[in-house]
Amino acid sequence: MSEPASPSEIEQGEGGPVGREPEPRREPVFNMPPVVLAVIGICVVLYLIQEYVLSQSQLLTLLYDAAFIPVLYTGQYGFDWFLFSRPFTYAFLHGGFAHLAVNMVWLAAFGSPLANRFGALRFSLFFAATGLAAVVLFWAVHPLGEAPLVGASGAISGMMGAAARFGFHTDRSSGKAAFAGAPLPMAAVFRSRGVVTFLAIWMVINLATGLVAFAPGIDSQIAWEAHIGGFVAGFFGLRAFDRRQQADEFRA
């Protein structure tokens, strides 16, 4: 059994004890930006409240006040202040565990590098804007629809659109994965085989699941119109939220 060395027996160098391995940096359990964790937390808490706290009548009231219901915007049901909030609050409600789980996985995957690039405020504005674009297209297609629209997938589709504009390139030099480089010009986007393949597969899957009304573990119809609305807004509108791009232009 070896004896422990005394402090005098340890050779000292400029940077500290020689031969002693530096302690590895501990990675956080949830290596996601706080704003992404906050959105996930709100969605999870609301789902648990829907499932285990509210009565059936209370749940219906919540859906009426917080979900997006197109027919309420025709004017035939009068005015209420929730008309202004429903196009945003609907994104935090979900129709089932599978719906919630799928959306939160995609939110973590695409939202994290986007939030690391944009920052919390611009990411929040991007989330709200793409979610709004999603319901605008959904309302345009179903202006008399009575079924409530819920779920963050419209805004998440916007994040996927933004990711495509970056060519899915990320930079980890700061210790956090963030989309890297300037957004690709349209010509470069359609010259990239990987981006074009992603766009084609994404579009086919959304149209197929929406028109056929089928998705594993999800019984309700998929709102493909909302997905496309959010995707288009994120794809074409991300420059308005990209502070890094704006800083580069200011320096030029």
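Helices α4 (residues 97-118) and α5 (residues 120-141) have axes that come within 7 Å and cross at roughly 130°. That angle makes α4 oblique to α5 (under 35 degrees is roughly parallel, over 145 roughly antiparallel, 65 to 115 roughly perpendicular, the rest oblique). This is a predicted model: local features need pLDDT of at least 70, side-chain atom pairs count only at pLDDT 80 or more, and totals for chains, interfaces and linings use all residues. Residues are numbered from 1 along each chain as its sequence is written, and side-chain values use heavy atoms, without hydrogens and water.

**Helix contact**
- The crossing of α4 and α5 is right-handed.
- On α4, the contact (heavy atoms within 4.5 Å) is made by Leu 107, Gly 111, Leu 114, Ala 115 and Phe 118.
- On α5, Arg 122, Phe 123 and Phe 126 make the contact.

**Aromatic pairs**
- The whole structure holds 13 aromatic pairs (ring centres within 6.5 Å; planes under 30 degrees apart are stacked, over 60 edge-to-face, the rest tilted).
- Phe 126 and Phe 241 have ring centres 5.4 Å apart and planes at 90°, so the pair is edge-to-face.
- Phe 126 lies in α5 and Phe 241 in the loop between α9 (224-237) and α10 (243-251), so the pair ties together parts 115 residues apart in sequence.
- Phe 126 and Phe 241 are buried (under 20% relative accessible area; exposed is over 50%, partly exposed in between; 1.4 Å probe, protein chains only).
- Phe 166 and Phe 179 have ring centres 5.5 Å apart and planes at 10°, so the pair is stacked.
- Both Phe 166 and Phe 179 are buried.
- Trp 202, Phe 231, Phe 235 and Phe 236 are linked into a cluster by ring pairs.

Note on methods:
Axes are lines fitted to C-alpha atoms, for helices over the stretch in contact, and angles run from 0 to 180 degrees between N-to-C directions. Helices (H or I, at least four residues) and strands (E, at least two) are DSSP runs, numbered from the N terminus. A crossing is left-handed if the near helix is turned anticlockwise from the far one by less than a right angle, and right-handed if clockwise. Rings of Phe, Tyr and Trp (its six-membered ring) pair if their centres lie within 6.5 Å; planes under 30 degrees apart count as stacked, over 60 as edge-to-face and the rest as tilted.
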